[in-house]
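Which of them pair up, and where do they sit?

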Amino acid sequence: MGGKRKRKDRDPSTANKKQKTNREMAPNRKGSLAVSNYNRLQNFPNNKAQELFNKLRTKTTKEAGNESSVIDTLKEEEIDKQPVKEWYEEKKLSEKSMTPQRKLEKLLLLIVEEKLPESIIVPLKLFFAHTASFVPENNLGRDFRSSQHGTYFRSSNSQIREGNTRLLKEIAESEDIDTKGKTAQVWNLKYYELLKKYANLGKNILEALFPKKNDFAIYTSSQGSRTGSLGLTSNVYKTLQVASDYEKSENDIQSHNFKSSELLRVIGEIKLGQTGNYHDQLIQNRAALVGQLSESIKGMYSAYDANKIKKIRIKPIQSGQHPSLILELQHPSSLNQENTYSEKEWRELFIKKFNAAAEEKELDTRITHRGSFGFLHPTASSVGHPVRIWMGLTPAPVIAELLEQTLNSLGNDESFKEIKVKLNVNIKENNPIHREALKTAVRYVQDVVEAIGEKVSDPKKLVDWLTDRLLRNLHKAKHILEVDYNNLHISQKMENDYLKSALVIENLMEYSYILEGMRVNNDLPEDPYPTYLREELGLSKTSSSKTSSSKTFYLDSGMQAITMANIVALNHIQTVQGSDQSPVHSVNLYSYFEYGMIDKRNLKLIDVNKVKEGEQPINGKNFKERFETKLNKGKPSVISIDVNPVFTDAAQNDNQIPYDQVLELYQTKESKDSTIPILDITNGTLQDVAKLELHKKYPSFIIVESLSKHQQLSADKFTMGRISVIGDQNFVKRASELLEPIQKDAHHPLLEAYRLRMDRVYLKQLEENDSQASKSYGLSKRARYKS
């Protein structure tokens, strides 16, 4: 029997069970406002309660020309709320624990009689949704859209935006705009105007229509439009609020007392101890784990020769310090096509084997197909042909045990070369990364509560519920951190500690995000990140620095930040050269693979890395001579670098072009003859950039990162991108003229608060653990970063 045919055989009983589960969880697509797949709302005796929640999640509070709120409108419909209350009060206490369904049930009781301020409406819409939806295993991390296998909500067609899209179309149709067969999508219009000048856009994007006074487009969607990859779509908070204004006037808000002292008292009892910057710790911890696992996997085989080997091999291909394990299948040239694995088949096979291994070992950790990375639980996603395995915050011994069993079971498949591997990891687990994340979540709650003070806005019932839930979870965090982790020698006990921590982290972040919207005062502290950036890069020591100025901006997404970095470079180069017709050459050193989709088609750059079909690729051995030929012995205008890249084929890993040598080759003395490096640190740190000493070699450079994952402790609730421009005053001024309007269009007060608080928490952790820095600079981190 052929390998592929054998893989598709299924146990009928299991298949039927799976199909039944999918039917139970499938979203109700009937009705224009059915955006939640929470079909089990049928348990409510009152269908109006379901209507209320769906409308809350999908409609903005002010429709075009109508100032009344959705809640007011629903009140006019005389929703019968009493049956819902009676039904809930009759439930057993054991049935009221905070699963997603039960959170919803309780939440409905808190809001059906309340007039909610706009600042509460928006986070409530996203209370259970995540940026990257997925089908969870064992309900780990699930939300109400769990039937959407791997679909991002940044798409206007996903359920989280579905009802909002209908609203946008209604607004457009009221202005006689034809929306039939078209998509409604909220765009950053300032960014769109720049793209029209600096990028090659499809005809359908250029011909988009825009209703008056609204920041959204009506256009014909097509495959390859790249609105997501280009970062054209606005962040989801902005999207769901497009027809309303987010303005808080203290005079219009009813405030009452808040039990901040009670929450802070419990936080004060939790053993947080000294810790480092969690963001950097996470990257370094997972990278060390991946590195050790990778070396063990590579040792399974002798040297690979596609002409001699008859069975499939598994090869790790991630870059040296990348925090995800990226596994590529190497198919022998002699293997029949029917026995090869497609990208999807390889991903699904890995997931199946991993979860079977967990079940066999009586562990509760599961891996699921989920786009992107950075989550609390393990995930698998496709990055071209390989599969990216994000380990979650799973303890190193547990993930090693599961991965070992997974690989050995793959070796039993007739298509694979036999595998017998022992994965040994030596990662210090006295303070495991999941506990560091838990401490960080507690600190985040502390920052929110301290900022709120003694007053919060209505509704009081919701405040009391959030306070109660935060207290309960803070007590859970206290209990978890009091247990000596060194005594947890058994996998099940380590895993249990991790899974309990992950649940508390998720709860603390979700409740804190809603509580932030109830803050009465509008004041936010100064952003500590720009000062931190300058110190980490050594820019304050000006004696040997070519750069003098820097400025940081916050945009809708990481992809928007990457694209804008290239546009800033393009604009600067064309301004210096005095012509917008001169060719602009770019050396692309493994930029994020999604950027590759637009770089090859949309941006007006000449990528010198591109080779013709059949031409030998440029690699670490031949790059100097090949670049010299392609650039006619000149210099590139842009060097794009991902400091810890996602490799999508083994050749990139085997012959990586050395960054330091390329940067040394094209270092520039004069701004007018400038090459501009662009560095992506999404999966890296500022320390990675500091090691390159760019400020000594280049007058200008740019740093970008996505804040969609590591900046929110895996909450996965919003997208955001950060871009920092470093250079002389003219360079920073030109960049600011382009970036400030886009930042203003992307701005949302809640997202600003979420991001700012996490930066404060990271740097507070750093200052507590960095006594050496105090000695070196004669100034404490607290003094330097305190707002």
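**Charged pairs in the predicted model**

E516 and R519 form a salt bridge, with their closest N and O atoms 2.6 Å apart. The model is predicted. Side chains of opposite charge can pair when their charged atoms come close. Are these two partners buried or exposed? E516 has a relative accessible area of 2%, so this residue is buried. R519 is buried as well, with a relative accessible area of 6%. Both values fall under 20%, the cut-off for buried.

Next, look at R722. R722 forms a salt bridge with E705, and their closest N and O atoms are 3.1 Å apart. Which elements hold the two residues? R722 lies in strand β16, residues 721–727. E705 lies in strand β15, residues 701–706. The pair therefore ties together parts that are 17 residues apart in sequence. R722 and E705 are both buried.

Some bridges share partners. Salt bridges linked in this way join D447, E516, R519, R757 and R760 into one network. E516 and R519, the pair at 2.6 Å, belong to that network.

Now turn to R347 and E348. Their side chains meet in a salt bridge, N to O at 3.1 Å. E348 has a relative accessible area of 30% and is partly exposed. This value lies between the cut-offs of 20% and 50%.

How many salt bridges are there by this rule? The count comes to 24. Among them are E516 with R519, R722 with E705, and R347 with E348.

Technical notes: Residues numbered from 1 in each chain as written. Predicted model: local features only at pLDDT ≥ 70, side-chain atom pairs only at ≥ 80, totals over all residues. Heavy atoms only, no water. Salt bridge = Lys/Arg side-chain N within 4 Å of Asp/Glu carboxyl O. Buried < 20%, exposed > 50% of the residue type's maximum accessible area, 1.4 Å probe, protein only. Helix = DSSP H or I, 4+ residues; strand = E, 2+ residues; numbered from the N terminus.
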